[in-house]
Amino acid sequence: MRLVENGEFSRAEPEFARALALEPDFGPGWAGLALVHAYRTHMATDPGRARAEAEAALDLLDKADSKCRADNERFVFHVTSLRVYQTLRTDHWLDRCERAYDRALDCEGLGPDMLPHYRDQGAAHLFFGRALLLAGEYVEAQNVLSRAVGSPSVWKGAASDLYAKAQKIDRAQAQFSLTGLARAVAVQDVVQRADAAALVVNELHPDRLFSGGPLVGGHPIQAAVPADVAGHPMENAIMNVVAWRIRGLEPLYEPSAHAYLFEPARPLTRKELAFFLEDVVLRATRDDGLATRYYSDADSPFPDVPVTAPWYNAAVTAVGRGLMQPELNGDFRPDGYVDGADLVLAVLKLRQAVAR
């Protein structure tokens, strides 16, 4: 399971196959193999291949169900089922997750020595809490996750992070009206640049935002479609932000390809988000001096961002206007990946600010 947790599916499958060849009646092994196939549905580029992986996952899960007998094996099966169902999200997936969760909790008196990977019941709370989060049940997700957060579970740290995310999205929902896209992005641990572009277009509407009113946006350019964007499902949204030359979401020159690429699947970094936020604020306020205002600072408020860093001014602007938050130790983490809930909050706060 360690290889699965690390996303090394190509290595995990033969490991499970070898283990099951030696012990074909080991139910948890079949459940683990089902999880590998479930995760592969998100890697498949062909819809037919994705369906085949999903069917294989459910068939293997049925096989695991028939072979898990002892309580510790049943617990592993139910928790892994939770993960398969929420990964595939087929019909009635949340109901299936709830049944698996309840049955996992029925398996009592299991110590870490009996659960070599999941270790304790905190795993059930964590993965069902995640299922509720994905389903948009933010308050109930917090209730379930709190059971792991308030316990000595080895999953306590992961549950705390998910709890904070659920709390953040719940607060955003109370303050803003969340669209379906915003909800989908908010639950992501890491946001791809293509998803960020789609969110920006859907929530900020650059064509309206930059073409009139108090903003100075100039005119969109007739940009060539980057080679890695042509035919992409989000090509229109990406080309919208490219046409308006939005900093942080612009194509960058890739020497190995000898071309400007958007890299839609690459995770958005925090410094890219800061550049984007600063760019929109600058256009909204017509304050040309904002782009260099803070470079005269004697000291940086961020231990990991010197005043001379190209993204220093953008980071100070984004944090100073409450659009981004540093870590508790003051670090900005410029190369850290942007969390979905943080991106949604930043974009919605920005929309509210420029609308005033």
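Modeller: Let's start with the words we need for this predicted model: a residue is buried when its relative accessible area is under 20%, exposed when it is over 50%, and partly exposed in between.

Biologist: Thanks! How do you know whether His205 is buried, exposed or partly exposed?

Modeller: The relative accessible area of His205 is 31%.

Biologist: What can you say about Arg119 and its phi?

Modeller: Arg119 is not a glycine either, yet its phi is positive, at about 70 degrees. Arg119 belongs to the loop between helix 6 and helix 7 (122–134). With a relative accessible area of 33%, which falls between the two cut-offs, Arg119 is therefore partly exposed.

Biologist: On to charges. What makes Glu5 and Arg83 a salt bridge?

Modeller: The test asks for a side-chain nitrogen of Lys or Arg within 4 Å of a carboxyl oxygen of Asp or Glu. In this pair the closest N and O atoms are 2.9 Å apart, and Glu5 and Arg83 do form a salt bridge. The two partners come from distant parts of the chain, 78 residues apart: Glu5 is in helix 1 (residues 2–5) and Arg83 in helix 5.

Biologist: Why are Glu5 and Arg83 described in terms of accessibility as they are?

Modeller: Glu5 has 34% relative accessibility, so Glu5 counts as partly exposed. Arg83 has a relative accessible area of 3%; the limit for buried is under 20%, so Arg83 is buried.

Biologist: How do you know that Glu8 and Arg11 meet in a salt bridge?

Modeller: Their N to O distance is 2.6 Å, and the cut-off is 4 Å, so the pair qualifies. Glu8, at 26%, is partly exposed, and Arg11, at 47%, is partly exposed too.

Biologist: Why can the salt bridge of Asp335 and Lys271 be said to tie parts of the chain together?

Modeller: The side chains of Asp335 and Lys271 meet at 2.8 Å, N to O. Asp335 lies in the loop between helix 15 (312–320) and helix 16 (340–354), while Lys271 is in helix 14 (residues 270–285), so this pair joins parts 64 residues apart in sequence. There is also a network: Arg193, Glu263, Arg266 and Glu272 are linked by salt bridges that share partners. The whole structure holds 19 salt bridges.

Biologist: Which residues gather in the patch of negative charge on the surface?

Modeller: They are Asp71, Asp95, Glu98, Asp102, Asp106, Glu108, Glu137 and Glu140. Helix 6 (residues 93–105) gives the most, with three residues.

Key: Residues numbered from 1 in each chain as written. Predicted model: local features only at pLDDT ≥ 70, side-chain atom pairs only at ≥ 80, totals over all residues. Heavy atoms only, no water. Patch = residues over 30% accessible without salt bridge, like charges linked within 9 Å, V, L, I, M, F, W, Y side chains within 5 Å. Areas by Shrake-Rupley, 256 points an atom, 1.4 Å probe, with all protein chains shown as cover. Lys, Arg positive; Asp, Glu negative; His and termini not counted. Charge placed at Lys NZ, Arg CZ, Asp CG, Glu CD. Helix = DSSP H or I, 4+ residues; strand = E, 2+ residues; numbered from the N terminus. Buried < 20%, exposed > 50% of the residue type's maximum accessible area, 1.4 Å probe, protein only.
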